Each structure stands twice: as C-alpha cells, then as structure tokens.
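Subject: Structure for you to look over

Hello,

I am passing the structure below on to you. My notes follow it.

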Amino acid sequence: MGGDEARAPAVIDRSYFQPADLKQARSFIAKHQDTKVVAGGTDLVVAARSGKSTLPGSLMAIHNLKELAGIEEGRGGRLKIGALATHGDLEESTVLQRNWTALSDASALVGSPATRHIGTVGGNICNASPAMELGSPLLIFEAEVELAGKGGLRRVPFGSFVVGPGETTARPGELLTAVLLPRLKVRGTAGSAYIRLEYRRAMEIAIVGAAALIAVDRSRRCKEARVGLTAVAPTCVRASDTEEMLRGAVLDSELLNRAAAAATRACSPIDDVRASADYRLAMVQVIVLRAITRALDRALAQSTP
Amino acid sequence: MRYPLALVVNGVAYQVEIEPHRNLLSVIRGELGLTGTKEGCDDSECGACMVLMAGRPVNSCSFLALQAGGQPIQTVEGLAMNGQLHPLQKAFLAEGGVQCGFCTPGMLMSAASLLDRNPHPSEDEIKRYLGGNLCRCTGYAGIVRAVLKTAAAAG
C-alpha cells in the first residue's frame, strides 16, 4: 500500500480558501474563476483518488456556509433546498417525503450513509453525471437552480442547466446556491416515485433509473404524467412520448405497458463498465413501468380517505 | 502551499500543517500516528477508512483533511475506555464478527454511529446502515449479530 504522498502529483502547488460567509465566497469565485468549489468532496475527491481526474490547483471549500444549508418551505408551497443540503437531509425531510416523494426516494439510494451525510445537492448537480439519482426527479418536479454571480442571482430550469456529462451552463465565477421546487399544480391526486435498476443496494450507481409523477381523478383518468429517465442519455431526460400517451387516458395496465415501452424513444444509452447499451435499452421499459406503477399506487392511496 | 489545521480526534487536539490535497485518512495515519483506521480501496467504496465526524460516518480516504477542521472526529482508538473494550468490540469478538480484521475499525465506527442515532435498530436497519462497509471474510452474519446483541444488552 503506497503512502498518500507517493501517489499525489507533487508538482502542483495547490491553494485552499475557506470563505467565512456567502459574500466572501461570491467575491472569491468572481475573482478566481479557475477555482473549483468543493462541498462534501464525494465526487471531486473520489474522482481524484481513483485517478479519473487530478484535484484542481485552486480549491474553495464552502462546506461551512450556513446560508446554503438546509431545506426551507417557502410561501405558496414552494421548497427551497440549499446547495449544501445533503442527500441525508433530503432523505429525512418529511415535507419532501410527502410532496416530492420521487426526490426523497432518490436521495435515499445515493451511496451509503457516509455518502449521503457528506454529499450535497449542489455538488450532485454541478458534477452533472448522467447517472445522478437526483436528476430525473428534479426534471419531473420542474426544479430550478439558483446561481449567484457578479450580476446578482439568476434562476435556470434544471433541465437547461445540466447539458451534458459533467457539463453545465454555469457561467465562470458563478456559484450554485439553491434548488427551487415549485408547488405542484395538478388536478386530481398525485403520487411520485423513483426506481433504480441496481446490482447491489449500497454504493451503487444507477444502471437505469426512472422517476414518475402521476395525477389521477377518481376514475383513474390521468390528469398529469411526467416521466424522467436516468443513465440512458448524456443527461437525465424527460420521456415525452410516454407522458403524452398517459395524459388524459384511463390508466389500465395495457396502456401503462405501452407507454413504458415508448420511453426508449428518449434514450441514447452508452456501453460502459456497468452495462451495455442494449441491456440498458431493454431495461428502460421495465424500470419506467415500475416507477409509473408505484407513482400511481401512491396517487391512489392519497385519494383513499 | 501548506495550511495550518487544528484537529480534535478522540478528544485530543492536534495541530498540523498540510497541503490542500491531503485526505483525512492520510493525516490521521501519517501525521497523528493513529493507524487503527485502515486504507482499503482508497476510492470511497469499501468503508475500511470510516471515521466519525460530529458523530456521523465519513469515508476519510475521500475527505479533504482541511475540511475536517473544527469538527470532532472519532476513530476506532477512541472506542475503548479505561482499558476496557467498547461493548461493540466485545460483541464483534464474541459473535465472530472479526476474521482478518481489516474492515473491523470501519465497521465498528459505522455501527457505533448507528447505535448512537438509533439505539434499537432492526436487522434491516443495521444492514442498511453498514451498507458502505465491505467485509470479505465473515459473510456479515456475525457482524449483524454483534450489533443486535450490543443493542439488546444496552437495554
């Protein structure tokens, strides 16, 4: 077992800055646009340890910024999730379990208790992995990210923030400060779920994932359907064909099957160490059907007095 | 460039100067000489390096040491008190939860954190909480039994 010093590239002289508050963080990143932000480090440091990438030369550690911590219920039923809220915070949030269940499901699947306690929502989003568990739930809940830059705050829909593997539309010098979940405006009763195809329970990354939001009236007619897919395209994507087939229809099992199969049209999976593209494609229907079914079951359970 | 870091590990204050890329594991082992915590995969997969930070488990191989400043850290060396093994350590030994021993420090720290947060976990809750700790010897049965037994004995 080699020592840490033997493996680390000794040539890089790294700098480290730990801002005392958000104001300091914003002015530092505006001035040092090549700095890399680290919160929990569960992606950044792990990638460096495994040799996937080297640790950047300039680090700004934001883990202590109280302004970015926690989950806050806003006016009108909105939810503001601070960039430093951890997967564990999400998993334990009762308001999330109740109203944004798919996001709660997904956060409970991330890594292990240690990963969930250290890894943050902001880090998960900025790392922009196509396999990020939070991605497809954020898509179906039409979340926005809040970014702090030179000109103040701006908001971007999550779907146009993450644009490719490891790629976001964050501008140089911008810091992701929060994720905003709008109040769900649907008719009927709604339920949501996130399902992941996995080889093991813990420390796993999605082979294929699907998030579904289904709202129905008393006669099982679909008032709203949203489906997001994980790890089957360069980013998490919506399965719009599936959604259109479900909306307005009475949800019987034959339709659910056909609609789930249509989700493959939104997919362009790759072969990698975890699965072949063919296997991923074949499993999309299965996982989407499970997600839709669980979301529907939850929606129906809501309407039972 | 090196930066000063004040660490409190098992209630003892340490002062070191380290570079930003140093992980907490290498500082605990290399600078503080506390070698109970192990380096397994060095990739945040196996949990051999698990320590507690403010009572909750952290993969110390993949955590920047500088970020641990100001937070109480507990390692396996902090479990035994006054020459007496911690009840979890005794139960691991009694139930066959230890074979080669390499995963044991991490397993113990995760288990200690679980019992602190949830004094009477179910078998499923134990398995879920230890999900980030791999053991290639015991088949886990003895480990899970040891945690159940410790919880039951604590009343």
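What pattern does chain B follow when read along the sequence? The order is β-β-α-β-β-β-α-α-α-α, which comes to 5 helices and 5 strands. Please keep in mind that this is a predicted model.

Chain B overall

Chain B has 155 residues and a radius of gyration of 15 Å, which agrees with the value near 15 Å for a compact globule of that length. Along the principal axes, the C-alpha atoms of the chain fill a box of roughly 50 × 30 × 25 Å. Of its 155 residues, 52% count as buried. If contacts in chain B are limited to residues at least 6 apart in sequence, 54% of them join residues at least 24 apart.

As for charge, the chain carries 12 positive and 13 negative side chains, with the centres of the two sets 5 Å apart.

Two backbone points in chain B

Two residues may be worth a look on your screen. N10(B) has a positive phi, near 50°, although N10(B) is not a glycine. N10(B) sits in the loop between β1 (3–9) and β2 (12–18) of chain B.

Y140(B) is a residue other than glycine with a positive phi, here near 75°. Its place is the loop between α4 (123–129) and α5 (141–153) of chain B. Because its relative accessibility is 28%, Y140(B) also counts as partly exposed.

Nonpolar cores

Which residues touch the most other members of the largest nonpolar core? They are I81(A), L103(A), I125(A), L138(A), V145(A), F158(A) and L181(A), out of 38 residues in that core. Helix α6 (residues 101–109) of chain A gives the most to this core, namely 4 residues.

Leaving aside residues up to four places away in sequence, I81(A) touches G70(A), I71(A), L90(A), L96(A), L103(A), V121(A), A178(A), V179(A) and L181(A). Two of these contacts, L103(A) and L181(A), are themselves on the list of residues that touch the most other members.

Apart from this core lies another one, of 36 residues, including C222(A), V237(A), L246(A) and A291(A).

Regards

Conventions
Residues are numbered from 1 along each chain as its sequence is written. Chains are lettered from A and ligands numbered from 1 in the order in which they are written. This is a predicted model: local features need pLDDT of at least 70, side-chain atom pairs count only at pLDDT 80 or more; totals for chains, interfaces and linings use all residues. Side-chain values use heavy atoms; hydrogens and water are left out. A nonpolar core is a set of buried Ala, Val, Leu, Ile, Met, Phe, Trp, Tyr and Cys residues joined through side-chain atoms within 4.5 Å. Buried means under 20% relative accessible area, exposed over 50%, partly exposed in between (1.4 Å probe, protein chains only). Contact means heavy atoms within 4.5 Å. The radius of gyration is taken over C-alpha atoms; the globule rule is 2.2 Å times the number of residues to the power 0.38. Lys and Arg count as positive and Asp and Glu as negative; His and the chain ends are not counted. The place of a charge is taken as NZ of Lys, CZ of Arg, CG of Asp or CD of Glu.
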